[in-house]
Amino acid sequence: MRSGARPTFSRSEKGDTFPQVPKHRLSVTGNYRPARGWTVSLIGLYVSTQFLVNDEQNIQPRLPGYFLLNGRIAYERPVPGGRLNGFLLVNNLLDQRYFTQGIITANNLTGGGAVERFVVPAPGFAIYGGLSYRFERM
């Protein structure tokens, strides 16, 4: 904010929705154990539409809702002195294009101060893996 500039405030009314807070968020996980030590999981996540930051009056178009499907394969086994765990996690199996955040603000960099929508794209398909060792008393 420039020196001497006054902040602007928008007025919220009863029943307005907070920006960046979806009304609905549902996650469901299913696990399958095909053999001793192995776990295969599917995780579904649904997030409903959201208003952007600085749209306290809820009058601008919302960020669209989205559904993600993630998968995980894990293996755990006892080893001398503890337990060894390994996993492979696949996020966004369907490679959905979606946004997790958005703001309505002045574009002072390239827009000459015009008020614009800015959104943050979420990561696409990604694979992660890891190993851990847990020490246990004998």
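Q: Is Asn58 buried or exposed?
A: Relative accessible area decides: buried is under 20%, exposed over 50%, partly exposed in between, with a 1.4 Å probe and protein chains only. Asn58 counts as buried because its relative accessibility is 17%. This is a predicted model, so local features need pLDDT of at least 70 and side-chain atom pairs count only at pLDDT 80 or more, while totals for chains, interfaces and linings use all residues. Residues are numbered from 1 along each chain as its sequence is written, and side-chain values use heavy atoms, with hydrogens and water left out.

Q: Where is Asn58 found, and what is its phi?
A: Elements first: helices (H or I, at least four residues) and strands (E, at least two) are DSSP runs, numbered from the N terminus. Asn58 sits in the loop between strand 2 and strand 3. Its phi is near 60°, a positive value in a residue other than glycine.

Q: Which values describe Asn54?
A: Asn54 is not a glycine, yet its phi is positive, about 80°. Asn54 also lies in the loop between strand 2 and strand 3. Asn54 is partly exposed, because its relative accessible area is 43%.

Q: Where does Asp55 lie, and what is the nearest side chain of opposite charge?
A: For charge, Lys and Arg count as positive and Asp and Glu as negative; His and the chain ends are not counted. A salt bridge is a side-chain nitrogen of Lys or Arg within 4 Å of a carboxyl oxygen of Asp or Glu. Asp55 lies in the loop between strand 2 (38–47) and strand 3 (66–79). Asp55 is buried yet has no salt bridge. The nearest side chain of opposite charge is Arg117, 6.6 Å away.

Q: What does Asp55 touch?
A: Contact means heavy atoms within 4.5 Å. Not counting residues up to four places away in sequence, Asp55 touches Pro19, Gln60 and Ile104. With Gln60, a polar atom of the Asp55 side chain lies 3.0 Å from the backbone nitrogen.

Q: How many salt bridges does the structure hold?
A: The structure holds 3. One joins the side chains of Glu76 and Arg83, at 2.5 Å from N to O. Glu76 is partly exposed because its relative accessibility is 32%; Arg83 is partly exposed, with a relative accessible area of 21%.

Q: Which residues meet in the others?
A: Arg97 and Asp95 meet through their side chains at 3.4 Å, N to O. Arg97 counts as exposed at 66% relative accessibility, whereas Asp95 is partly exposed at 33%. Arg134 pairs with Glu136, the closest N and O atoms being 3.0 Å apart. Arg134 is partly exposed at 43% relative accessibility, and Glu136 is partly exposed at 37%.

Q: Where is Asn85, and what is in contact with it?
A: Asn85 is in strand 4 (residues 82–91). Asn85 counts as buried because its relative accessibility is 19%. Leaving aside neighbours within four places in sequence, its contacts are Tyr75, Glu76, Gly130, Leu131 and Ser132. Glu76 also takes part in the salt bridge with Arg83.

Q: What are the elements and totals of the chain?
A: The chain has 0 helices and 7 strands. Of its 138 residues, 24% count as buried. Among contacts with a separation of 6 or more, 55% join residues 24 or more positions apart.

Definitions and conventions
Polar contact = N/O pair within 3.5 Å; in protein donor to acceptor, adjacent residues only side chain to side chain.
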